[in-house]
Each structure stands twice: as C-alpha cells, then as structure tokens.
Amino acid sequence: MVQQKSSDLVRINARKRDVFDIFNFKHYIGSNPYLDRGALVFDFALVESREPLPIEDYISRIGSRYPHLGEQSYESYAYLFAQVVSQVGKLDMDLHLNHWSVKSYPKCTRISVESLHERTTREVVYFVWDWFEAITEDEDFDFEERLVKLQSRFRTSVFGGPTIYALLRTAYEKGIPAFYLWEEGLMQYGLGRKHVRGVATTFNCDSHLDSEFTTRKDDCKAFLKTLGFPVPEGDIVFSEKEALAAAKEIGYPVAVKPVVGHKGIGVTADVQDSKELESAYSRAVAAIPEDQPTRIIVEKSISGSDFRLLCVDGKFVAATERRPASIVGDGYLTIAELIRQENRLPARLDSPTSPMSKILVDDAMELYLDEQRLSLNSVIEKGRTIYLRKVANLSAGGVSINATHTVHDDNIILAQDIAQHFQLTCLGIDVITKSLSESWKSSNFAILEINAAPGILMHLKPSEGESVNVPSHILETFFESGADARIPIITFNKISVEELQTTIDHILLQHPDWTIGAVCHDAVFINRSKKVLSKNYNSNVQTLLRHPKVDLLIAEYPQEILEQDGMFYQRSNIVVLDDPTETEMILARDVFDGSTVIIKKGNNISIRRKGLIEDYTLGEEEPFTRVYLKETGTIL
C-alpha cells in the first residue's frame, strides 16, 4: 500500500516544489529503538504541495542505476526511499552497510539506516531526496558527480583509510567489537582487558622503539647487513656534491631516497647519470619532513622487480609484486588522455575498497617521460606499453600482483628471520629481485627497506591475482574468535547506586582478583572506587570498556539513554529488566545465544536461559536483587 499524505503535516525541510519531506534527523552510535546497530534515523512524509508520480515511475528510473532495486515491489514510497538510501550508502564501494528499517506513524514514516559516519550518511539521505525530486520534475540529475563527492567525504573520514576500513570490516564480520577513540585518534578492537588499540597496522602492543628504528633507513640497513642479509652497497650524503661523488664511487645506476620517509615518497630508482641524479636528489630533499636534517641515501640500483613481503606476528603471510603505473597506446589518444581514461576505471576509484589508486601526474612522471623522449602530449602506437615511473609506488597509481604462492622457502625463512628481530605485529619487507621463486642465496636479491606500518589493501585487493585475507591474520593475532574479544556484560534497565554496589560486592566475593567496571545514571565505579561521572552517559561506558584491566562491565540503560543516544556496545550476557518500557525491551533483543534475560513485571518473574523459560512470583519479602544475583553465576 502506498503511504498516504498527511493533510496537516507542517513543512519542515521541504522546498516549495518538493513532494517529499525529510526531517527529525537523529544519529545513534549503537543499538537503538529502531535498529540493533549504529544508525541514522529520520522521518519521511509526503506533503500537500504536489502529487508524486506513480511509485512505478520512481522504481523504473532508480532501476536504471540499480537494476536489482528495479526488480522489486514496495509497500510505499517510504520503503522505496529506505532501500535506495541503504544502497547508495554503500557508495559503490561495497561498504558493509546493509541494514535498514521502516516504522509507520499516523503522520510520517520513521526510516533507520545503518550508519558508520554520521556526516556521510546524512549527505546520502539528502542525495537520495534530491534524486527523488529530480525524478518527479523529470530533470537531469548529476548522479555520478555527486556520488564522487560522497565517496570523497567518506574517504576523508576517520574510517576511510583502506587499511583502517579493511580491519574494521573484518572485525565486524568476525563479531569483534570495534570503535573509534576520538580523543586518542585510535581504533579499539575488543573490550576491557581483552582490547587492543591501534592506527592502521600499528598497535599499542608494538614496540615504539622498533617502529621508530625502521624509519631510520641507514641504521636499519646496517643492522640487516650485520645479520648477514643482502642489502645494496651505498652511503649517506648531506649535499648534492657528496651525492654525485658517492654515485661515481658506487657506479651507476644508483637509487636515491631520503633516510626518513615512507610510501616511496622521494625515492628514485635506476638513476643513470649525474643529470638524473641532480633531479633525484632534489626530489629526495623535498620529501624530508621539516623537522628532520638533510640526509640522503645513495645506493646501488639493483635490476629486477619490486616486491613486498608481509609478516604478521613474525610469520610470513603474503607477497605482492608492485609495478609502476603504465598505459597502453591506441594510436589515437595522447598519454595525458590515456591517463585520464585509465583513471576513470572503477578499479581506480581510490576508495577504501578499490585495488588501485589514480595515476598521479607530477614532475617525476614528466621527467621520466622526458628520459624516454616522450611527453604527456605524445601519441603512442597501438599496443605499446609505456611505464610512467621508475618506482612502483602504489599510491601514485602502481599495480599490485599477488605473488604469495610463488615465494621460495628460503625467502620465506628470510622474511620471518627479519621479523623475529622486531616486536611489531605487522612488518613489510621491500625487496628487489627478478623472481621470488628463486632463493635469495643464489639470485640477484636485495632488501630495500623495512616498513613498520605496512598497508594491507595491496594484498587484500590486488590488481591481479587472488586476495590474501591479511586483516584476518592481523586480528587473529589478538583474538581467535569474536568471543575472545569480549568481556562479560550485565545490562540493567534500572539500578540504584546501592544495588550496583551490592552487585559489585557479590561478584568480587567470587572473583576477588577481578576488576569490575560499573555505571548507572548516578555513578561510575571501578570495583568499589567511585570515579568521575561524565555528563555524556556513553562516554562513561566507553571509558570503562577502554580500561585495560576491566574483566566485567555492569551498565544501566534506561529508556531516556536508549532514545537519546542508543547503546554503546552490542549484546549482553545477562539482561535484567525491572518493569521495562516498550523501548527498554530492546535490551532483551540485543543478547547472545545462551544469554540470560530476567524480566520483572510487578511481582512476576520470567527468566529465559538457553531456550528455557522459568516463570514464578516473588515472595512477599523476597528482594529482586536475590533473583538476578543468583543468575550472575551463569557468566562467572
């Protein structure tokens, strides 16, 4: 049935020509009355100003962009709008945002869509609203251009980095709680004493000394040489004059790179003569951070292909060949036009889930083209491949090829031997060789550098070859399963400070070595010690779940908090409801299989445990605390 218009609905956001109105936006960080996860909730309605088109007209136009949506039927405009928002919210990046709900009221329909980043999701809703109105007016709608802006919005959010998003999505799939710590600028995986925090592939358990050591390429290279591993002959210089002298002594071709740097910025390989070296030296200097002295490495350039060997927790897990960005001539288009054509490919969306970045046009590219007696205006004959850089820099448009299954055992042992010397969860080892299938002991093989915070998208989404699920390897270092990432949680809809203290004491009697975090509307405790209570209720919950010693959480979630912000965490092991409202009953919805739910209505008690239900009536002098304290043994 198509949703009916409301004759007395006041316009809130709708423009004069609009048929639809969107209003009452509310963002929830977690489980809420409308969805069991973080969501953007808003009201949708038809207004009196104009008649909408038949719903089939909207379905037809939307189906031209999303065929699977065009093949469905919808109860109302609201159901159609909700599904389109959910679909567009994936941003053509295959984001893991699949959940939505619709709830009808007399004057409007409340729509809830799963949300990770509030600002992006809100803009998605406005985007879809404008699209619907454009369909109504039979106007053109710049869908692709506006979608790119939405993608950019998400890309620049704290969740938009390829490595961060890959880990976050994998955590979601494994049932590992994960959230962003805004004050610290870190992601947290797991809860309480079981949690780890990190930035991309660097974690709080990593040695910061080892991480910093890998950025000192000169010292790290000397260390590897001491261990007997193959490193190129080279020297550190402090001026262009010294660089020229070093290159002459080593013998061309040479590679030039800053001592302190990352992502291949400022690196030039295969420098053939003094003129090229002067340019390479300038690029290396420009890449040095302002707070660092000018120190440049000039070393022998080794012929071969560029590879990344990745170790997680000291074990080899993946290898990727990296090739410089290239184009293939067609006999008509210039190099610049071929680059623009290549950059429009979906694979080069440069999103958290796309396998390649856009090809970057800069001075280094133009210089390399000049060395090949070409320019951006050159037209290349059909079928000829032109490499655009000497360095296989993926962030500048390079190509990644999975090479994991080709690696010789000696090279795996070498990677693991190196990783054992660093207290780092993830270690990337950049090497150059003709083939990883040949042992480093008998081939032209050199270690270029060590990376303490390696990106993982090149392995998870290579340009060519099979995916290696590196995010799983990383998270399984800390958690064998989602259950291993959690601590027990007891959730109440109402509990007084005195009852909270009684519950803490009861559990500590059984587990005196435990650290219990507890929060209600009026107080926060670590065991019996009262802590500062934040005005933002969920900030108190986050602080307790961020505590590295907390073994168990007790939290109160009354109706006002559920309606205002939602729950910070998902799922409880025990839920205790004392005369719950309809809204507070969602606490019983958000539980694990096998969890215990205790509901008191008046003096009647219902206990649901592992599929069994027990009902009885409280005795005249029997306190409710006695009932739920007895049940705490099921999780202890």
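Strand 5 and strand 6 (residues 186-189) run antiparallel and are joined by four bridges. Strands here are DSSP runs of E of at least two residues, and helices are runs of H or I of at least four, both numbered from the N terminus. Phe179 has its bridge partner in strand 6, namely Gln188. The model is predicted: local features need pLDDT of at least 70, side-chain atom pairs count only at pLDDT 80 or more, and totals for chains, interfaces and linings use all residues. Residues are numbered from 1 along each chain as its sequence is written, and side-chain values use heavy atoms, without hydrogens or water.

These strands belong to an open sheet of four strands, ordered 5-6-7-8, with antiparallel pairing. Two strands count as paired if DSSP finds at least two bridges between them. Strand 5 (178-181) and strand 8 (202-203) form the edges, each pairing on one side only.

Two helices contact the sheet, with contact meaning heavy atoms within 4.5 Å. Helix 6 (residues 162-174) lies across strand 5, strand 6 and strand 8, at about 20 degrees to strand 6. Helix 17 (residues 537-546) touches strand 5, strand 6 and strand 7 (196-199), and its direction makes about 105 degrees with that of strand 5. Axes are lines fitted to C-alpha atoms, for helices over the stretch in contact; angles run from 0 to 180 degrees between N-to-C directions.

The structure holds zero disulfides, a disulfide being a pair of cysteine sulfur atoms within 2.5 Å. The sulfur of Cys426 lies 9.4 Å from the closest cysteine sulfur, in Cys205, too far for a bond. Cys426 is buried, with a relative accessible area of 0%. Cys108 is also buried, at 11%. Buried means under 20% relative accessible area, exposed over 50% and partly exposed in between (1.4 Å probe, protein chains only).
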